[in-house]
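Visitor: I would like to learn how to read a protein model feature by feature. Could you walk me through one?

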Amino acid sequence: ITSANNLLCSFIDNHIFQGNELNIDLNRIVFNRCLDLNDRALRDVVVAANTDNERKDRFNITAASEIMAVLCLSSDIDDLKERLGNILVAYNKSGNPIYCRDLKCQDAMTILLKDAIKPNLVQTLIGTPAIIHGGPFANIAHGCNTIIATKTAMSLSDYTITEAGFGADLGAEKFLDCKCRIADLKPNAVVLVATVKALKFHGGADKSTLKDENVEALRLGLSNLIKHVENIKNVYKLPVVVAINRFTTDTNQEIEIIKNEMEKLYVPVELIDV
């Protein structure tokens, strides 16, 4: 993904160097380089330094690359190629958009991604099969694995569980609003994962005290969990179960408070020992 992303960047700069037939505005190039490393010094850089084409650029982390999001939303290699061609890369000096297909780069990018589009089968420590494939950030993309991975898992098993990251108010909503619509997926249920520590933090407890029992902060923080549950039940009309990742510092009283509040909403609660 990093190579495909930066290949497109090199096409942009080479096109400008070779005469800029598309009349690309150097100040309106919107597609950035990427690197699979969080290096703050590369967030703002200068490329083609000391030339007539000198301009500012930046490196994103690979998970924030549009190529990552495109790969994860593609249904097959042909769909991937079309989506790559539709990527907006810049504007010309008249203000008109320029796409990847205008640079004729999508074929080469697709070839680079011909193996990356294939899901990876791994296993957990207890031998459960798992497919790990794709990881776009949920704060700038949709936060879900690839459509191909999910459909592959569904074709090989009776039950498929997939993760949508960054909380039910972001990852789950993007999973349901974007990925499920594009892939025509119809989830049967939602597992909403919560921790006592997180709920106390939402309730105003200081990070340094999260291991201590704090019923007041927990009750205040439960409004966050309740809202997530209501969104899943009332907006998306899906059954939901709350899974509590239990830590050794969680007290029985804190667990019971969560169970009692969820019982009022007719939502089952299951404990997961971490």
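**Reading the model together**

Guide: Let's start with Asp115, which counts as partly exposed because its relative accessible area is 45%. Please keep in mind that this is a predicted model.

Visitor: Which residue forms a salt bridge with Asp115?

Guide: To read a salt bridge, look for a side-chain nitrogen of Lys or Arg within 4 Å of a carboxyl oxygen of Asp or Glu. Here Lys114 is the partner of Asp115, and their closest N and O atoms are 3.3 Å apart. Lys114 is partly exposed too, because its relative accessibility is 45%.

Visitor: How many salt bridges does the structure hold?

Guide: There are 13 salt bridges in the structure. One of them joins the side chains of Asp184 and Lys186, at 2.7 Å from N to O. Asp184 counts as exposed because its relative accessibility is 55%, and Lys186 is exposed with a relative accessible area of 64%.

Visitor: And the pair Asp57 and Arg55: are they buried or exposed?

Guide: Both Asp57 and Arg55 are buried. Their side chains meet in a salt bridge of 3.7 Å, N to O.

Visitor: Which side chain of opposite charge is nearest to Asp25?

Guide: That is Arg28, at 5.2 Å. You will find Asp25 in strand β1, residues 24-29. Setting aside residues up to four places away in sequence, Asp25 touches Tyr91, Asn92 and Lys93.

Visitor: Now the nonpolar side. Which residues touch the most other members of the largest nonpolar core?

Guide: A nonpolar core is read as a set of buried nonpolar residues joined through their side-chain atoms. The largest one has 32 residues, and those touching the most other members are Leu225, Val229, Ile232, Val242, Ile258 and Met262. At least two residues of this core come from each of α6 (168-183), β10 (190-194), α7 (196-202), α8 (215-235), β11 (240-246) and α9 (252-264). A second, separate core has 26 residues, including Leu7, Ile16, Leu71 and Ile87.

Visitor: What is Met262 in contact with, beyond its neighbours within four places in sequence?

Guide: Met262 contacts Leu225, Ile226, Val229, Val242, Val267 and Val269.

Visitor: Which residues form a nonpolar patch on the surface?

Guide: Phe137, Ile140 and Phe166 form such a patch, with about 290 Å² of accessible area together. To place Ile140, look in the loop between β9 (129-132) and α5 (147-156).

Visitor: Where is Lys237, and what is its phi?

Guide: Lys237 is in the loop between α8 and β11. The phi of Lys237 is near 55 degrees, a positive value in a residue other than glycine. Lys237 counts as exposed because its relative accessibility is 63%.

Note on methods
Residues numbered from 1 in each chain as written. Predicted model: local features only at pLDDT ≥ 70, side-chain atom pairs only at ≥ 80, totals over all residues. Heavy atoms only, no water. Patch = residues over 30% accessible without salt bridge, like charges linked within 9 Å, V, L, I, M, F, W, Y side chains within 5 Å. Areas by Shrake-Rupley, 256 points an atom, 1.4 Å probe, with all protein chains shown as cover. Helix = DSSP H or I, 4+ residues; strand = E, 2+ residues; numbered from the N terminus. Buried < 20%, exposed > 50% of the residue type's maximum accessible area, 1.4 Å probe, protein only. Lys, Arg positive; Asp, Glu negative; His and termini not counted. Contact = heavy atoms within 4.5 Å. Core = buried A, V, L, I, M, F, W, Y, C linked by side-chain atoms within 4.5 Å.
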